[in-house]
Structures are given as C-alpha cells and as structure tokens.
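Subject: A structure to look through

Dear colleague,

I am passing on a structure that I would like you to read alongside the notes below. Please keep it open while you go through them.

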Amino acid sequence: MKETNDVILHMVTKVVVFIILTLAIYLFIAGHNQPGGGFISGLVLSSAFVLLYLSFDVETVNSGLPLNFVVVAAVGVFLSVTTGFLAIFNGKSFLTHTFTSKTFPLIGKTEMGTVTLFEAGVSLAVVGVVVTIILGISEDV
Amino acid sequence: MIKAMLVTSMILFAIAIGIALFSIIRGPSLPDRVISLDFIGVNLISAIAVISVIFNTRAYLEVILILGILAFISTIALSKFIERGVIIEHKRDR
C-alpha cells in the first residue's frame, strides 16, 4: 500500500466537527417549536462522531474520547424512561410532562420543561445506537 | 418575472439531477459514480435553497446544512473506500 498523505482531511475535520456539534446543539434547542428535537440532534451528533472515526482511526478517537457507546445508549434510554415514571409517582399518567417559567437575571423569562430531559435521553440513545451500528458493520473481516 | 426565473431554475436542476442519475447508472468506474453522487448532493442543496426562496420561508435552512454535512461525509467515506479499501480503520499503519 502506498504512502498516503491526508493532512488536509485532518485539518478540515478538526474544524468541521465543531460546526456539526454546534448545529446539533442548535437543533436540540430549536425543537418543540421549530423543526428539530432530540432524534435529529442525535443523528447529527452521530454524524460528527462518524466523521471523526472516518478521518482518524478507532484507536486515536477512543484514546481522546473514552466513551463506550453501548453504555451511552443505555444511559439515554434510562433517562427517558425515568422522566416517564416520575409522572406516575406524582399520580399522573405515564409520560406526562410539566413545565414552569422562571425569570433569570441575564436571560430573562425562560420556560423550563421536563420534555428537555426526555429529549436529551432520546438524543443519547440515538447517538449510542447509530455509532455502535456503524462501528459494528465497518469492522475488518 | 422572478417567479418564472425560479421555476425555470428548478426545472434545470431537475434535468441536471436526471443527467447525473444517468451518469451513475452508466459510469464505467467507481470514481465517476462518486463524483455524480456528489453532484446530485450539490444540486439538491441548490434546489432546496430555491424552494425556500419560492415559498418565502426559513424553515428549510437546516435541511441545507444537514444535506451539506451528509454529502461531505459520504464523499469522504467513498473516496477513502477507493483509496484504502476499508472505511473505518482500527489502527493507522504509519
């Protein structure tokens, strides 16, 4: 195999990954009123991780990002189901969500809901499952 | 006037995507098909931008960003497959 030189790919990846992560966080926050939400944010996050795994290799990324993505998916599902069961303990039906609005000093009046925790769990589950599938089907035979 | 120009550009984008699809089916080698797939991605991004101008909305801008990311990643994956034979390496050999 001839010597390969992928300096440009590495430099572009180091910049573009942060743009993709910013887009994922924007999509996560824009959900529930505009197009966006936990699932799409998880897909975009997993595309950022897949770009890292593509341009570097598995050992380099795992040494800088020591995450077991199966555990990430499990934590996400646990978080989502827990926010569902919290409503049962308060006497409501399953997955009933609530929200309040508070006034913070700098931000102003913001609405805070437990839907955000549920969406965070969905996002973590999607990231874990997608990255696990892609790393699984791309292993060397 | 502007509406007619936008609709004409949409028709031209559709013709260009059809030509690229023909090139994907016919293309003799794998790099030709990769370039045609990237061409389809660029044309889809432009067509969605024109659609968002026609409908006078901003709801499609995330679609443009995500399509750009997916076209970028798929082009990198296919070119790495052509060059190395594997897409995600376990350890680089250098």
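Predicted model: local features only at pLDDT ≥ 70, side-chain atom pairs only at ≥ 80, totals over all residues.

Residues are numbered from 1 along each chain as its sequence is written, chains are lettered from A and ligands numbered from 1 in the order in which they are written, and side-chain values use heavy atoms, with hydrogens and water left out.

Two helices

Helices here are DSSP runs of H or I with at least four residues, and strands are runs of E with at least two, numbered from the N terminus. Helix 2 of chain B covers residues 30-55, and because its 26 residues should span 38 Å at 1.5 Å a residue, the 37 Å between its end C-alpha atoms agrees with expectation. The expected span is 1.5 Å times one less than the number of residues. Among the buried residues of this helix are Val34(B), Ile40(B), Ala47(B) and Ile48(B), where buried means under 20% relative accessible area, exposed means over 50%, and partly exposed lies in between, using a 1.4 Å probe and protein chains only. The buried residues of helix 2 of chain B pack against helix 1 (2-26) and helix 3 (61-84) of chain B, and contact is taken as heavy atoms within 4.5 Å.

Helix 4 of chain A has 21 residues and reaches 30 Å from its first C-alpha to its last, close to the 30 Å expected. Its buried residues include Phe69(A), Val72(A), Gly76(A) and Ala87(A), and the buried residues of helix 4 pack against helix 2 and helix 5 of chain A. Just after helix 4 of chain A, Gly91(A) takes a positive phi of about 90 degrees.

Most residues other than glycine have a negative phi. Leu95(A), although not a glycine, has a positive phi of about 65 degrees, and Leu95(A) is found in the loop between helix 4 (69-89) and strand 1 (99-104) of chain A. With a relative accessible area of 35%, Leu95(A) is partly exposed. Asn56(B), which is not a glycine either, has a positive phi of about 55 degrees and is found in the loop between helix 2 and helix 3 of chain B. At 71% relative accessibility, Asn56(B) counts as exposed.

The nonpolar core

A nonpolar core is a set of buried Ala, Val, Leu, Ile, Met, Phe, Trp, Tyr and Cys residues joined through side-chain atoms within 4.5 Å. The largest one has 26 residues, and those with the most contacts inside it are Ile20(A), Leu51(A), Tyr53(A), Leu54(A) and Phe69(A). Helix 2 of chain A gives the largest share of this core, eight residues. Not counting residues up to four places away in sequence, Ile20(A) touches Val44(A), Ser47(A), Ala48(A), Leu51(A) and Ile69(B).

Two pockets

A pocket is found on a 1 Å grid over the protein atoms alone, as an open set of points where a 1.4 Å probe fits, with protein on both sides within 12 Å along at least five of seven lines, and its lining residues have an atom within 4 Å of a point. The largest pocket holds about 550 Å³ of space, and of its 17 lining residues, Ile29(A), Gly31(A), His32(A), Glu111(A) and Thr116(A) lie nearest its centre. Thr116(A) is found in helix 5 of chain A, counts as partly exposed at 46% relative accessibility, and has its C-alpha atom 8.6 Å from that of Ile29(A), 87 residues apart along the chain.

The second largest pocket holds about 430 Å³ of space. Of the 23 residues that line the second largest pocket, Val50(A), Leu54(A), Ile134(A), Ile73(B) and Ala77(B) are the closest to its centre. Helix 3 of chain B supplies the largest share of this lining, seven residues.

With best wishes

Technical notes. Points joined across faces, edges and corners; volume = space filled by probe spheres on them.
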